[in-house]
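Please open the model in a viewer and keep the sequence at hand.

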Amino acid sequence: MAADPAGRIGPARHVPHRARRRAAGPPRRRWIDRPRPLVVPLLQRGRHRGHGHRRRRLRERVPAHPEGWRIARQHCFPQYSGTHADGWTNIDGAELPMVPYHFTVDEVGVPLPPSNSPTPGPDIPDDELASTIAALEDEGAVRNLVHAYGYYVDRRMWTDVVELCTADVQVDLAPGGSFRGADGIREAMLTMGPEGLETGQLNDRPLFDTLVRILPGGLATTRSIELGMLGDATRHEAAWEVRILTTRCRKHNGVWRLDEVRLERVMHADYFRGWADADLRTPSAPTADDPLSASARAATDTAVATGAAAPATSTAATDPAAPATTPPAVLRTQLDRALAYDGVENVSSAYGYYIDDFQWTEMAALFAENGNKQSPFAGYYFGRDRITAAATSFWGSPPETRPGISYHWRTQPVISISADGRSASFRVRLFQPRTHKLPSRAGDFYAAGFHSGMYPNDQAVLEDGQWRLWSLTIDEPYFVSLDWRGGWASVPAATGTAPKPSRLMEIYPPDVPMTALGRRARHFRGGTGDVREWPEILPMWFHYRNPVSGRTPEHFWPDGVPTRIAPHTSMTAHGYQLPPDGPAAATAPE
């Protein structure tokens, strides 16, 4: 968030992940060596003149050159603006035009397109190629570990946090002191409150822009921005908090663990008083091993410019029993798995952009031929035609401009890839601000404010050489805001009156309604049992067990949600593997 001395606000759009990258890439070898692209922070600190604007950015990258990867072009599209006192509206109170896309449906699911270069890349020694591919796979595993930690923090699942760590983990809170070991990290986590959430309590701490640096010797470092959305609606308390999360991770017996955790607070503000009275702190300079450090950038630039592999952790380096050389077929599969992370995240991000813009045909085209999608509060639709028709029946045809937008920022992915690299199960967070051209009124659908949910059981498959969505599930809302002024802490307790069913149940019924899902849809609007609405706490579901200990969560669903009612919707019924739902070496001793 950014605020000027007058308290004006303007969240900046979380920039497209890999989905906004041009389809045509640099030569194959240099693509493999590049780090995953950095993401411009959602949170922009500092003070400036004039209104703060929410910006939607397009970025394009140029081929590798002697100075390394650089942003070639960036264009900002202001979306909304306003003051802290009154909230925001669309820029100039006008309807919002569509922001042009630089990618197509058929490009976004291809993470490594054919090279346009007339000359082939240089030959790569097998051991160097194996090391580089292993580093890419490790990068995805480490990012999953940190993001899984974030979801456990949201729900104050401290036992699971402890089990993500090494036995002698070091934890530093700034401010707050230092802690060591299992008891120490639990004590550090308890500074955010006791285990579990009670009615009205909010501890949402989305992680943005996670950078990962793989180091030799089975080590890795990470850096993330944590946005704290905190409070207790029963006490009418709310606060914003921004912290820098840095970690050092260690790989043992094939499983990554948190070995050092540092949380440095850079901003804390009472929600109702705003940023003008915030407690602001200057963050510490990155350490030498930090992914944001000058040495990390220099190493990356050198690797890109020379074609040499960046420092990596190969399988042989961490597993003495591993063979000295890896067969080419195994390397190909490992590369497919590493590329799958990019392909899945691209398609996931593109889905959010298309539904923001009511582009129903393109949205449905992101799905596999036999894919399925849940429409909120109604149920599941099978196949692209049914998915398109459900969206069009409810929302209408795509407009040229829009009076309001309910954004779908799909962030903080945890992606599980199958052994053959052809299928994936994943979860992403729904971070959802809303805006309208008219001044915000409490209770309006497009009232300025924030909403939250989760896509906990999404799946994707590699179909005809392109990554496509296989199944999509939305659990919402975890919390809501009546409008900007009152925020999430001013929502009154539920009256006990059940919300109205989705209009789709009458105008275009789903193939599998939520009412048929039993326990999986319990407490969700449109589902089964008594409905829980914020400030009550909805269950959080997981497609995976604890990534280190293998602990099974209370709400665990490893396959697509409709599969138990409609077994033919499982990816395994169509020749795909169900990805692993836990650590490869669960509960392995250190």
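The stops that follow concern a strand pair, a glutamate and several salt bridges in this predicted model.

Begin by selecting strand E8, residues 201-204. Both of its faces are covered: Gln201 and Asn203 lie on one side, Leu202 and Asp204 on the other, and all are buried. Within E10, leucine 230 is the bridge partner of asparagine 203.

Now select glutamate 241, located in strand E11 (residues 237-252). Is this glutamate 241 buried or exposed? Its relative accessible area is 7%, so glutamate 241 is buried. Beyond its neighbours within four places in sequence, its contacts include Glu226, Leu230 and Met267. Display the side chains here: that of glutamate 241 makes a polar contact of 2.9 Å with the side chain of arginine 205, and another polar contact, also 2.9 Å, with that of histidine 268. Then highlight Arg205, Glu226, Glu241 and Arg243, which are linked in a network of salt bridges.

The structure holds 32 salt bridges. One of them joins the side chains of glutamate 163 and arginine 551, at 2.8 Å from N to O. This pair links distant parts of the chain, 388 residues apart: glutamate 163 is in helix H4 (residues 158-163), and arginine 551 is in the segment after strand E23 (512-513). Glutamate 163 is partly exposed at 24% relative accessibility, and arginine 551 is partly exposed at 35%.

Finally, select arginine 441 and aspartate 444, whose side chains meet in a salt bridge of 3.0 Å, N to O. Arginine 441 is exposed, at 58% relative accessibility, whereas aspartate 444 is partly exposed, at 33%.

Conventions
Residues are numbered from 1 along each chain as its sequence is written. This is a predicted model: local features need pLDDT of at least 70, side-chain atom pairs count only at pLDDT 80 or more; totals for chains, interfaces and linings use all residues. Side-chain values use heavy atoms; hydrogens and water are left out. Buried means under 20% relative accessible area, exposed over 50%, partly exposed in between (1.4 Å probe, protein chains only). Helices (H or I, at least four residues) and strands (E, at least two) are DSSP runs, numbered from the N terminus. Two strands pair if DSSP finds at least two bridges between them. Contact means heavy atoms within 4.5 Å. A polar contact is a pair of N or O atoms within 3.5 Å; within protein, one must be able to donate a hydrogen and the other to accept it, and residues adjacent in sequence count only if both atoms are side-chain atoms. A salt bridge is a side-chain nitrogen of Lys or Arg within 4 Å of a carboxyl oxygen of Asp or Glu.
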